Amino acid sequence: QLQAVESGGGLVHTGDSLRLSCTGSGRTYMTRVQGWFRQAPGKEREFVGAIDWTTHDVHYGTSREGRFTISGDLGKSTVYLQMDNLKPEDTAVYYCALRTVYSTIYDEPEMYEYWGQGTQVTVSS
């Protein structure tokens, strides 16, 4: 069993930066991919990016626009989402997701087995 806990959300202004953290616990040695999705009100859950711990490659979604950077510390079972030059349209609940299954598909929520409770990010104009 795996658990994920997010931290670092909050209220910021346009142009600000924010760093989110996601820490896994439990049987973390089973984690193959650890990443981030976000969901704005009335919209579908959107892939932000993820680290594949097998290859240590980082995969990003289209929302990145060069403003988001994902990094991680495998020893701490932690993945970070650095968000710069934030815009009001980045307002969403950001979820950490973990999976134990190997696949080269990273952007489908259905591929992830474990989810955190989410952390709210609100960007005011």
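A salt bridge is taken here as a side-chain nitrogen of Lys or Arg within 4 Å of a carboxyl oxygen of Asp or Glu. A search of the whole structure with this criterion finds 3 salt bridges. The structure is a predicted model, in which local features need pLDDT of at least 70 and side-chain atom pairs count only at pLDDT 80 or more, whereas totals for chains, interfaces and linings use all residues. Residues are numbered from 1 along each chain as its sequence is written, and side-chain values use heavy atoms, with hydrogens and water left out.

The salt bridges may be followed residue by residue. R38 forms a salt bridge with E46, with 2.8 Å between the closest N and O atoms. Burial is stated by relative accessible area, with buried meaning under 20%, exposed over 50% and partly exposed in between (1.4 Å probe, protein chains only). R38 has a relative accessibility of 9% and therefore counts as buried, while E46, at 29%, counts as partly exposed.

R38 also meets the side chain of D90 in a salt bridge, at 2.9 Å from N to O. This pair links distant parts of the chain: R38 belongs to strand 4 (residues 33–39), D90 to the loop between strand 8 (78–83) and strand 9 (92–99), and the two are 52 residues apart. Strands, like helices, are DSSP runs numbered from the N terminus (E, at least two residues, for strands; H or I, at least four, for helices). D90 and R38 are both buried.

D90 has a further partner in R67, and their side chains meet in a salt bridge of 2.7 Å, N to O. Here too distant parts of the chain are linked, since R67 lies in the loop between strand 6 (57–60) and strand 7 (68–73), 23 residues from D90 in the loop between strand 8 and strand 9. The relative accessible area is 8% for R67, which is buried, and 1% for D90, also buried. Taken together, R38, E46, R67 and D90 are linked in a network of salt bridges.

A covalent link comes next. The structure holds 1 disulfide, defined as a pair of cysteine sulfur atoms within 2.5 Å. This disulfide joins C22 to C96, with an S to S distance of 1.8 Å. The torsion about the S-S bond of C22 and C96 is about -55°, so the disulfide is left-handed. Because C22 lies in strand 3 (residues 18–26) and C96 in strand 9, the pair ties together parts that are 74 residues apart in sequence. Both C22 and C96 are buried.

Two strands pair if DSSP finds at least two bridges between them. Strand 9 and strand 11 run antiparallel and are joined by 3 bridges, and the bridge partner of Y94 in strand 11 is T119. Strand 2 (residues 10–13) runs parallel to strand 11 and is joined to it by 4 bridges; V12 stands opposite V123 in strand 11. Strand 11 (residues 119–124) has a covered face, made up of T119, V121 and V123, and an uncovered face with Q120, T122 and S124.

The aromatic residues form another set of contacts. A pair of aromatic rings is described by the distance of the centres and the angle of the planes. Rings of Phe, Tyr and Trp (its six-membered ring) pair if their centres lie within 6.5 Å; planes under 30 degrees apart count as stacked, over 60 as edge-to-face and the rest as tilted. The whole structure contains 5 aromatic pairs. F37 and W115 form a tilted pair, at 5.1 Å centre to centre and 55° between the planes. F37 lies in strand 4 and W115 in strand 10 (residues 114–115), so this pair ties together parts that are 78 residues apart in sequence. F37 is buried, with a relative accessible area of 0%, whereas W115 counts as partly exposed at 27%. Ring pairs link F37, F47, Y95, Y112 and W115 into a cluster.

A charge sits over a ring if NZ of Lys or CZ of Arg is within 6 Å of the ring centre and within 35 degrees of the ring normal. R45 lies over the face of Y95, at 3.9 Å from the ring centre, and over the face of W115, at 4.7 Å from the ring centre.
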